[in-house]
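Open the model in your viewer and keep the selection tool ready. This tour goes stop by stop.

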Amino acid sequence: VIDDFARPVENMTEGVFTIPGKSPVMEEPIERNHRQEAELGSSDNLEYFRYTRARKKKGPSIIVVTVAILVIIVSSVGVKMLLAGDDPLTVFTDIKKAFSSDPNNDDAEEQNEITTSESGIEEASTGAVTTQNTVSELKTQGVTDNAKMLMYVKSKGINKNITEVVYNPALKFEPTTNYKVETITKSVPIVNNLFYTKDGENFYYTEKSMSAFIQFNSRWIDFVNNGDKAVIENTKKNSVAHKNILNYKEKMHEKFIKFEIGEIRKGSDGYYVWTKETINKTVNGETQAIVNNWIYYLEPTENDMKIVSYERY
């Protein structure tokens, strides 16, 4: 039936018809054929059939053309970026962002990735502050996971001057290393991390240790650059670290670029922490990047941890 209808009919008259919700469409002149209308079902169905035939003759759909244009653009951009030496994964990510509905948003995986702001508060890439429930979970998980505990500690906002604070599992005790301090060699992994309980909340050695040396290094920048001696509060009185602050005489300007924190181990009286720091030091107008590996030694004092000394390794 459709094939017969599709063939030209003599004595056609020109006409225009309209489909509800659509713009008027010019149709090939067709004589009204009641037999065909009856076979197609109704007059309305016939009109829709004519409209469909007219639409098909207009050529490729807008969707097909749009997809073809996007493929050409993506291919061109990708080739140019690869020829420029960009990493293929970076190229794919950039192209994906460019054609997303909101280029300012990363994909779901990237949004869940934890990053560190200058204030030390954990944020997603959207800028939303970590919820209190998530913070509590981090502390609970951090009892046996230093990476999670570091996230929790940074959420307390104790860091003002360190651009980046990260966990680095590669910074750890090495049995074959000849440490200058004998007690470091005798240190052991932490088995019981609980420090004390107050008002129903547990506090841990790793938690208090991280808080102490992160705040110490943040305050150190204020001390060197501005003479602020609040940093001394993070040291144990009369300790080597305490005396180093009192006797410091150098004149320079420092910017703390990156502070990496690794393993924390228990000694006979305190705790050792493996760290690495990158600092830009400016003296007489000349700036130099200084990288040092330190092992901090802290001891518990009442309900806090205080820095006693720090050794290069």
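Helices and strands here are DSSP runs, numbered from the N terminus: helices are H or I with at least four residues, strands are E with at least two. This is a predicted model, in which local features need pLDDT of at least 70, side-chain atom pairs count only at pLDDT 80 or more, and totals for chains, interfaces and linings use all residues. Residues are numbered from 1 along each chain as its sequence is written, and side-chain values use heavy atoms, with hydrogens and water left out.

**Whole chain**

Show the protein chain as a cartoon. It has 11 helices and 12 strands. Of its 313 residues, 34% are buried. Buried means under 20% relative accessible area, exposed over 50%, and partly exposed in between (1.4 Å probe, protein chains only).

**Helix α8**

Select residues 146–154, which form α8. N146, M149, L150, Y152, V153 and K154 are its buried residues.

Go to β7 (residues 194–198) and β8 (residues 201–204). They pair in the antiparallel sense over four bridges. Two strands count as paired if DSSP finds at least two bridges between them. Pick K198: its bridge partner in β8 is E201. Two residues sit between the strands of this hairpin, and D199 has a positive phi near 55°.

I261 has T275 in β10 as its bridge partner. Four residues separate β9 and β10 in their hairpin. Look for T278, opposite V291 in β11. The hairpin of β10 and β11 has two residues between the strands, and N284 takes a positive phi near 55° there.

**E299**

Stay on β11 (residues 286–301) and select E299. Is E299 buried or exposed? E299 counts as buried because its relative accessible area is 13%. Its side chain makes a polar contact with the side chain of K236, at 2.5 Å. A polar contact is a pair of N or O atoms within 3.5 Å; within protein, one must be able to donate a hydrogen and the other to accept it, and residues adjacent in sequence count only if both atoms are side-chain atoms. Beyond its neighbours within four places in sequence, E299 is in contact (heavy atoms within 4.5 Å) with residues including D269, D304 and V308.

**Two loop residues**

Most residues other than glycine have a negative phi. Select E302, in the loop between β11 and β12. Its phi is positive, about 55°, although E302 is not a glycine. E302 is exposed because its relative accessible area is 74%. Next take N238, in the loop between α10 and α11 (240–246). N238 has a positive phi near 70°. At 56% relative accessibility, N238 is exposed too.

**Last stop: the lining**

Which residues lie nearest the centre of the largest pocket? Select W220, Y248, K281, W294 and Y310, among its 16 lining residues. Then colour α10 (205–226), β10 (271–283), β11 and β12 (304–312): each supplies at least two residues of the lining. A pocket is an open set of points on a 1 Å grid over the protein atoms alone, where a 1.4 Å probe fits, with protein on both sides within 12 Å along at least five of seven lines; lining residues have an atom within 4 Å of a point.
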